[in-house]
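Open the model in your viewer and keep the selection panel at hand. The tour moves from one selection to the next.

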Amino acid sequence: MKRRKRRPFSAWQIELTTRCPLQCKMCIRAETKDWQFQDMRLEDFRKLLPYLNKVETVVLEGWGESLLHKDLLECIHLVKREGSQVGFVTSAKGLTRNQTYDLIEAGLDFIGFSIAGATPETHDVIRVNSHLTEILNAIRFFNEVRKRQKLDRPKIHIVFLILKDNILEVPKIPSLAREMRIDDVILTNVCHCINTWQESQRIFLWERNENPHEKVLRETEMNAKKLKIRIRRPSISTIDVPVCEENPLRNLYITTGGEVSPCVYLYPPLPSPFRRIFCSENYWLEKVSFGNIFRESFSTIWNNENYVNFRDCFMQRKRKFRELYLSLFDNPNMRNLQDISLPGPPEPCKTCHKILGV
């Protein structure tokens with residue numbers, strides 16, 4: 001079988017809408033009246049197509065529920081025509097059986113379902129206006145249609161947000177996944193906090209001591225291994241990482257209005273500056289855009305001096321990390337990766353939990 005050639009970009013996250021029917025307690029929309037509701041126009045989406053042959057995966061989501069976008073199916077068709085993998089994560093709110101058939105027929109490659117509890121009592125309280133039974137029924141129907149049509153796509157995974165209010169239910173997730181005939185589970189931390197409740201709910205610690213929640217995650221991993229469930233979990237102890245999980249060297253984010261930003265956390269649909277709590281301190285950040293892809297070419301944006309400098313910070317961190325890692329075994333004074341000191345990240349990333357590996 002001929003191996004597919006690697007494309008320059010791993011993933012482009014394209015936001016189709018900022019509208020969402022949920023009122024999740026951990027969302028940054030929880031305490032604002034200034035949310036900017038907007039949908040990407042189909043004629044604007046078409047302007048992105050010439051660039052997608054350089055992108056391996058297109059994730060059609062941002063700060064809203066993609067199912068609400070009236071042209072979602074057409075957008076999937078258009079991405080598939082360019083040869084990229086395409087999918088999104090959803091709350092499944094309002095997902096009908098006809099929509100399920102349509103999404104599969106459109107060529108959807110993957111779909112993630114967001115849950116915040118292994119029981120309705122927990123999930124429904126955290127993800128307000130969402131119902132776990134509705135999500136599980138949607139998953140079952142996706143599987144029924146795939147089996148009936150003898151398809152191995154879309155790949156289905158669970159995205160579980162870990163909070164203190166649901167941490168004791170995390171070990172049950174592998175069993176739930178197996179029951180739903182799902183092989184992949186992604187556990188995530190709440191990383192953009194904007195109020196005291198969200199800050200109080202994070203399970204990762206700044207201290208380097210053993211995190212008491214680590215035992216729960218290890219139990220979860222053991223359960224997953226027994227059930228042959230692939231599980232990806234975040235660190236719950238902070239450590240400076242050379243490049244964050246969002247990887248702005250090979251990934252980027254495009255808003256409904258066409259703004260190109262390194263990641264979704266640097267351009268929320270809020271007035272600028274926007275609030276972020278980091279290390280229990282309040283910060284106000286300006287939104288970060290390096291250009292508008294609806295008004296200028298991508299090459300102009302990508303080669304923008306400020307964007308180049310932004311990425312170069314991460315390149316320097318990668319090089320330094322590699323050098324220090326290789327010398328780790330030769331230096332008796334450097335016992336582990338936590339002793340590695342890296343060049344600073346770009347200014348907007350200095351107050352983001354992602355740069356601490358969580």
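Which salt bridge do the side chains of Arg 202 and Glu 199 meet in, and at what N to O distance? Select both: their side chains meet in a salt bridge at 3.1 Å, N to O. A salt bridge here is a side-chain nitrogen of Lys or Arg within 4 Å of a carboxyl oxygen of Asp or Glu.

Before going on, note that this is a predicted model, in which local features need pLDDT of at least 70 and side-chain atom pairs count only at pLDDT 80 or more, while totals for chains, interfaces and linings use all residues. Residues are numbered from 1 along each chain as its sequence is written, and side-chain values use heavy atoms, with hydrogens and water left out.

**Stop 1: salt bridges**

Stay on the first pair. Arg 202 is buried at 11% relative accessible area, and Glu 199 is buried at 12%. Buried means under 20% relative accessible area, exposed over 50%, and partly exposed in between (1.4 Å probe, protein chains only).

Next, select Glu 259 and Arg 295. They form a salt bridge, with the closest N and O atoms 3.9 Å apart. Glu 259 sits in the loop between strand 8 (251–254) and strand 9 (260–261), and Arg 295 in the loop between strand 11 (281–285) and helix 9 (298–302), so the pair ties together parts 36 residues apart in sequence. Helices (H or I, at least four residues) and strands (E, at least two) are DSSP runs, numbered from the N terminus. Glu 259 is buried at 16% relative accessibility; Arg 295 is exposed at 67%.

Now pick Glu 347 and Lys 350. Their side chains meet in a salt bridge at 3.0 Å, N to O. Glu 347 is exposed at 57%, and Lys 350 is partly exposed at 39%. Then select Arg 41, Glu 43, Asp 44 and Lys 47: salt bridges with shared partners join them into one network. The whole structure holds 23 salt bridges.

**Stop 2: helix 2**

Select residues 72–81. In this helix, Leu 72, Cys 75, Ile 76, Leu 78 and Val 79 are buried. Look down the axis: the buried residues fall within an arc of 165 degrees, so they line one face of helix 2. The arc is that of the directions from the helix axis to the C-beta atoms. Their cover includes helix 1 (42–45), strand 2 (55–59), strand 3 (85–90) and helix 3 (97–106). Just after helix 2, Gly 83 takes a positive phi of about 85 degrees.

**Stop 3: the cores**

Which residues touch the most other members of the largest nonpolar core? Select Trp 12, Phe 45 and Leu 60, out of 94 residues in that core. Helix 5 (residues 132–148) gives the largest share, 8 residues. A nonpolar core is a set of buried Ala, Val, Leu, Ile, Met, Phe, Trp, Tyr and Cys residues joined through side-chain atoms within 4.5 Å.

Centre on Leu 60. Leaving aside neighbours within four places in sequence, its contacts (heavy atoms within 4.5 Å) include Ile 14, Phe 45, Leu 72, Cys 75, Ile 76 and Phe 88. A second, separate core has 10 residues, among them Met 26, Leu 163, Cys 193 and Ile 277.

**Stop 4: strand 10**

Select residues 274–278. Strand 10 runs antiparallel to strand 11, joined by 5 bridges. Strands pair if DSSP finds at least two bridges between them. Phe 274 has Leu 285 as its bridge partner in strand 11. Finish at Cys 279, which takes a positive phi near 50 degrees in the hairpin of these strands, with 2 residues between them.
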